[in-house]
Amino acid sequence: MSDSSPDRPAAPVLDVWCELQCPDCRTALDDLRALRARYGDRLELRLRHFPLEKHKHAFAAAQAAEEAFEQGKGWPYVEAVLGRVEELDRKGEPFLVEVARELGLDAEEFDTALIDGRHILIVDADQAEGKAIGVTGTPTYVIDGERLDGGKSQEGLRARIEEIAERLLA
């Protein structure tokens, strides 16, 4: 069967339960970049939102990330916000719009999306699903039904994810 066949199996999915104001999620960025570099489109990395109450801008950041995905620059936006967690802590929602502008996204649309709440249902649904499967902190990864908690330590998680991905891709 050729790769261009419509019957080609879908890529395995790695759900990444993340919170954009979380220092542990920032630490996980190197692993996510490495996984994206290694697997490309053979492994679908899917951002799932799990804003924690202790971070007051996390819910808005999750909505902003959804707007970035809608505008075609989701992962660059997520990486930019996570890379500057302290600024998000200090500046709040204006920082989210500032990052959008820096990336060449429609900043006015970002501002409007944060005001009108058009992405709230996506964030709420992710959070509810996360709670239902036992996510308690971020980052948490789910691949092939296996939940891997990165909130305590990232140590060994990328190797475990790669092991599962290789099995699924074999």
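1. Buried here means under 20% relative accessible area, exposed means over 50%, and partly exposed lies in between (1.4 Å probe, protein chains only). At 36% relative accessibility, Thr-112 therefore counts as partly exposed. Thr-112 belongs to helix α6, residues 107-116.

2. Basis of the note. The model is predicted: local features need pLDDT of at least 70 and side-chain atom pairs count only at pLDDT 80 or more, while totals for chains, interfaces and linings use all residues. Residues are numbered from 1 along each chain as its sequence is written, and side-chain values use heavy atoms, with hydrogens and water left out.

3. Secondary structure. The protein chain has eight helices and four strands. Read from the N terminus, the order of elements is β-α-β-α-α-α-α-α-α-β-β-α. Helices (H or I, at least four residues) and strands (E, at least two) are DSSP runs, numbered from the N terminus.

4. Overall dimensions. Along the principal axes, the C-alpha trace spans about 50 × 35 × 25 Å.

5. Packing and surface. Of the 170 residues in the protein chain, 48% are buried. Among contacts (heavy atoms within 4.5 Å) with a separation of 6 or more, 68% come from residues 24 or more positions apart. The protein chain exposes about 8700 Å², of which carbon and sulfur atoms supply 49%. Accessible areas come from the Shrake-Rupley method with a 1.4 Å probe; for residues, only the protein chains shown count as cover.

6. Charges. The protein chain carries 22 positive and 35 negative charges, and their mean positions are 4 Å apart. Lys and Arg count as positive and Asp and Glu as negative; His and the chain ends are not counted. Each charge is placed at NZ of Lys, CZ of Arg, CG of Asp or CD of Glu.

7. Cysteines. The structure holds zero disulfides, a disulfide being a pair of cysteine sulfur atoms within 2.5 Å. For Cys-18, the closest cysteine sulfur is that of Cys-25 at 3.6 Å, too far for a bond. For Cys-22, the closest cysteine sulfur is also in Cys-25, at 3.5 Å, and this too is too far for a bond. Cys-18 is buried at 5% relative accessibility, and Cys-22 is buried with a relative accessible area of 4%.

8. Cis peptide. Thr-138 and Pro-139 are joined by a cis peptide bond, with omega about -5 degrees. Thr-138 sits in the loop between α7 (120-132) and β3 (140-143), and Pro-139 is in the loop between α7 and β3. Thr-138 is buried, with a relative accessible area of 4%. Thr-138 and Gln-127 are 11 residues apart in sequence and 11 Å apart in space, C-alpha to C-alpha.

9. Positive phi. Asp-144, a residue other than glycine, has a positive phi, near 55 degrees. Asp-144 is placed in the loop between β3 and β4 (146-149). With a relative accessible area of 47%, Asp-144 is partly exposed. As background to this point and the previous one, most residues other than glycine have a negative phi, and most peptide bonds are trans.
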